[in-house]
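Hi everyone, thanks for coming. Let me put the structure up on the screen, and then we'll walk through a few parts of it together.

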Amino acid sequence: MSRVILSALLSHWQRNPLQLITLLAGLALATALWSGVQAINAEARASYDAAAATLGEGRYAQITARDGGAMSQDTYVALRRAGWAVSPVIEGRIGDVRLVGLEPLTAPGGLGPVRAGGGADLGAFLSGAGQIFARAGTLARLPDVTAERVTAPDVAPNTALTDIGVAQRLLDRPGQIDRLIVLADQPLTRTPLEQVAPGLIRSAPQEGGDVARLTDSFHLNLTAFGLLSFAVGLFIVQGAIGLAFEQRRPMVRTLRALGVPLRRLIALMAAELAVLALIAGGIGVALGYGIAAALLPDVAATLRGLYGADVAGQLSLRPVWWLSGLGIALGGTALAASGALWSLAHMPLLSGAQPRALMMARSGVGQATIAALLLVLSGALALWGEGLLAGFAMLGALLIGGALALPPLLGLVLRWAEGPARSATAEWFWADTRQQVPGLSLALMALLLAMAANVGVSTMVSSFRLTFTGFLDQRLASELYVRAEDTAQADVIRAVARDHADAILPLLSVDRRVAGMPTEIYAARDHATYRDNWQFLRAVTDPWDRLARGEGVLVNEQMYRRAGLGLGSEVVIAPGARLPVLGIHGDYGNPIGQVIVTEPLFRDLYPEVTALRFGLRSAPDQVAALRRALAEAGLPQAAMTDQAALKAMSLAVFERTFTVTTALNVLTLAVAGFAILMSLLTLAAMRLPQLAPVWALGVTRRSLARLDLLRALVLAALTATLALPLGLALAWALLAVVNVEAFGWRLPMYLFPLDYLRLTVLALGAAGLAALWPAWRLSRLPPAQLLGVFRNER
Amino acid sequence: MLLRVENVIKSYPDTEVPVLRGISFGLDRGDMLALTGESGSGKSTLLHLTGGLDIADSGEVIVDGTDLTPLDDAGRATLRRGTVGVIFQQFNLIPSLTVSANIAFQARLAGRHDAARDADLAARLGLTGHLHKYPEQLSGGQQQRVAIARTLAAGPRLVLADEPTGNLDEAISDAVMDLLQELVAETGAGLILVTHSERLAARLPRRLHLRAGRLT
């Protein structure tokens with residue numbers, strides 16, 4: 001019997017291939033969206049990580065020779081044997097290019113062009129003549145060397161990376177090392193450094209490592225948007241499955257009337273859906289990765305570049321990606337089909353097909369009520385919820401509530417638009433548009449979520465970018481950062497800087513407890529570097545002037561939030577030193593409080609603290625000369641960090657996240673557009689009884705087609721209008737609620753009206769394109785088909 | 001007795017009074033019975049109860065020795081597959097199957113498909129030239145003949161026809177009825193025909209009239 005039932009069920013698809021394509025396309029596109037977004041997210045994460053990792057070398061402690069000179073490779077081997085997790089680096093110049101030799105097997109992740117376990121590149125990197133990684137321009141300037149040149153756009157400007165052995169050969173310094181990177185995790189049982197190599201000293205990590213915390217936040221937000229894309233996909237699947245079931249309701253009723261048991265029928269339909277979901281899921285996974293790769297043209301370069309091995313692995317569709325994609329397809333289908341199957345199981349055997357609009361209208365009231373309740377719940381969670389879970393629950397309630405609210409809101413707006421209509425055609429247009437909303441509601445909800453996701457992603461990524469650049473400007477404003485081992489070396493630095501630098505900014509700080517929390521008290525010299533680059537979340541007027549006069553302090557956001565401070569609140573930074581808060585600054589990487597005071601006050605309060613670190617300001621083209629002068633004065637290269645170059649590099653890499661945003665826009669809107677197209681095509685046949693009387697009354701098929709096109713644009717425009725506040729609310733929820741709950745600080749949210757306008761135009765384009773084909777078909781519909789509606793005889 | 005209906009009462013949630021109020025009657029093999037009445041008098045409801053498509057609130061419906069009242073969905077489905085054949089006013093053909101597949105469908109479900117019998121029925125119902133067509137390519141009269149062929153091909157003991165010619169004009173209606181009566185008579189099955197039409201009711205030897213849920 002099962003075979004007979006299946007033959008009937010499958011015959012429906014054979015006779016209606018478009019409906020099968022709609023269902024498969026819906027499932028495949030939803031899976032493609034999910035897997036594509038995962039790939040794009042992976043790329044975004046990698047881009048951001050690369051931006052952060054460019055600054056990363058300073059995150060690690062380093063070991064150098066006490067006299068600033070080279071050390072022997074034997075010393076490195078001795079340290080490794082003594083248990084030290086260190087990685088050797090050699091630096092030098094070939095022509096005017098800075099050549100850095102790394103040891104990829106031991107170098108911390110993100111620093112080298114290839115990593116251990118990364119695949120075939122590692123062998124080429126290590127063996128034979130070796131490989132040199134650099135930007136194309138840098139490679140062109142490299143003198144003739146015996147090594148394979150590999151273009152790597154992510155390597156810092158004017159820098160070439162290679163294996164340490166190759167570098168020693170090219171620099172003619174066999175067996176020499178300049179410094180050792182000390183990895184974060186060290187065995188506790190290692191022999192003390194003084195015993196293994198008394199001629200070496202260990203120096204602490206530098207500024208700039210705080211970016212890692214910003215990175216964590218960026219990852220969390222991308223994960224949230226990955227889930228959002230799944231929600232978009234789910235609505236598309238729901239739409240596709242809902243339509244497929246709607247179309248087969250009469251057949252199901254007939255089958256049951258002819259004696260097919262309900263349970264067997266449901267089981268067979270579920271099995272049929274599972275098979276279709278697996279087929280569509282497989283297509284979707286491949287499609288998603290194909291689209292992601294096509295939309296990210298620089299992925300190929302990345303594969304061979306800085307962190308290619310991992311991304312290459314992902315794009316080669318490893319089993320885990322296939323399985324997760326198929327799992328999503330099956331899970332999403334099960335979730336979306338459960339309602340349809342339940343409704344089928346409870347469909348009265350003898351009920352006539354209720355008018356679709358009536359059914360929708362009945363469920364519409366319930367839907368509006370659920371939407372209102374979810375939105376109220378979301379608001380309540382935003383106001384009173386605590387914890388990350390509450391943040392995500394708020395996000396979920398906002399999303400689902402917003403989507404469910406769309407059809408009732410569209411109904412209200414269209415009813416309102418119908419009022420002023422004067423001509424008969426206009427009246428019919430608005431009434432008919434209102435009648436189409438239930439049939440199109442799932443596709444429109446998908447469009448709403450797609451647009452909201454795009455508005456949210458654009459806002460989030462752009463806000464992150466502004467925050468990131470602001471943060472870098474604030475923290476890495478000086479062109480060169482130098483570190484002295486002792487006061488004598490500090491005097492040398494000051495002497496050299498007096499002749500070769502525009503300004504010298506001592507970096508003075510001390511750790512104390514302020515307002516009950518561990519706090520770094522930091523001295524700021526009264527200089528334009530601070531005035532021009534530091535941004536305040538809130539501040540009094542002329543905060544720097546008042547700070548310079550010693551009339552107050554600046555505090556970071558963490559201290560402001562945790563200690564409940566405000567502008568004018570007084571903090572005690574030392575016995576007898578009680579000062580008001582003049583400004584609150586963003587301090588995204590810092591887990592503890594920070595108080596900034598003017599340098600003279602700091603020196604009065606903490607005379608025992610002497611400056612061993614300095615920021616040196618210089619014209620960019622003078623940095624190399626300054627560096628040379630410092631080196632000639634005995635300062636080791638490891639004590640100098642050209643942060644400006646690294647900052648420029650990290651920003652350039654971060655720009656790639658905008659490619660990612662564009663890719664996400666194109667992908668989600670294309671999928672939503674396709675959902676609209678499929679809905680319109682499916683509804684086209686059902687609409688004939690509504691269109692035929694209007695045609696018979698004298699409205700031409702061409703006019704009807706034009707009105708259909710206009711209808712799609714109107715609905716898309718209304719949906720886009722409602723998507724904007726929802727998208728902004730999503731971005732706000734992520735930046736101001738979820739982020740605060742997860743990390744304790746709030747990311748500022750910036751608005752980008754031009755981006756939103758561009759998105760709206762894209763959405764209208766997608767809807768217009770989707771409506772074009774059905775409208776064209778309508779304009780060419782044979783009159784006999786319209787006349788068929790009036791035939792008495794079936 | 002092929003069918004025994006005893007004191008059946010049926011009401012729906014949205015009606016104030018029961019649709020059927022204590023109906024009792026019987027039908028033997030080979031009997032043909034017309035069930036008439038005004039719209040809303042309960043004719044179709046009674047037909048659905050006897051066909052296992054719906055359940056009575058109280059009373060007994062016994063088809064070929066089986067009491068339908070305690071049967072679950074699967075039990076009633078078995079009855080519809082093997083014992084009862086229903087011809088619907090709206091034909092209820094499966095639009096995605098050819099005429100040939102539609103005719104064979106119920107017999108295949110019941111596990112007693114006989115291709116020769118299908119061919120014979122198709123020939124006698126004038127469908128031989130349409131076997132590879134789809135229902136939408138047929139006229140209303142042709143579709144109704146396919147529905148009759150489908151029911152009779154399964155060899156039911158009881159045939160229930162709900163306004164089978166309600167959508168057809170008078171000439172086609174008479175032709176379809178001639179064939180239906182002839183074929184049912186050949187199989188020895190019982191027939192209950194629900195109709196509004198006095199003319200069609202007069203063609204059958206026995207008639208029950210329903211008024212406001214009671215037999216008169």
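How many residues does α5(B) have, and how far does α5(B) reach from its first C-alpha to its last? Before I answer, some housekeeping: this is a predicted model, where local features need pLDDT of at least 70, side-chain atom pairs count only at pLDDT 80 or more, and totals for chains, interfaces and linings use all residues. Residues are numbered from 1 along each chain as its sequence is written, while chains are lettered from A and ligands numbered from 1 in the order in which they are written.

So, α5(B) has 14 residues and reaches 20 Å, close to the 20 Å expected at 1.5 Å a residue; the expected span is 1.5 Å times one less than the number of residues. Helices here are DSSP runs of H or I with at least four residues, and strands are runs of E with at least two, numbered from the N terminus.

Is this helix mostly covered or mostly open? Mostly covered: 12 of the 14 residues of α5(B) are buried, meaning 20 or more other C-beta atoms within 10 Å of their own, with 12 or fewer counting as exposed, anything in between as partly exposed, and C-beta atoms placed from the backbone. Among the buried ones are Val146(B), Ile148(B) and Leu152(B). They pack against β6, α3, α4, β7 and α6 of chain B. After the helix comes Gly155(B), with a positive phi near 65°.

Now look at one of those neighbours. Helix α4 of chain B, residues 115-124, packs with α5(B) at an angle of about 150°, their axes 10 Å apart. Axes are lines fitted to C-alpha atoms, for helices over the stretch in contact, and angles run from 0 to 180 degrees between N-to-C directions. The two helices are therefore roughly antiparallel, the term for angles over 145 degrees. On the α4(B) side, the contact includes Arg117(B) and Leu121(B), and on the α5(B) side Ala149(B) and Leu152(B); contact means C-beta atoms, placed from the backbone, within 7 Å.

Next, the two chains together: 23 residues of chain B are in contact with 21 residues of chain A. On the chain B side, α2(B) gives the largest share, 6 residues.

Technical notes
Angles under 35 degrees count as roughly parallel, over 145 as roughly antiparallel, 65 to 115 as roughly perpendicular and the rest as oblique.
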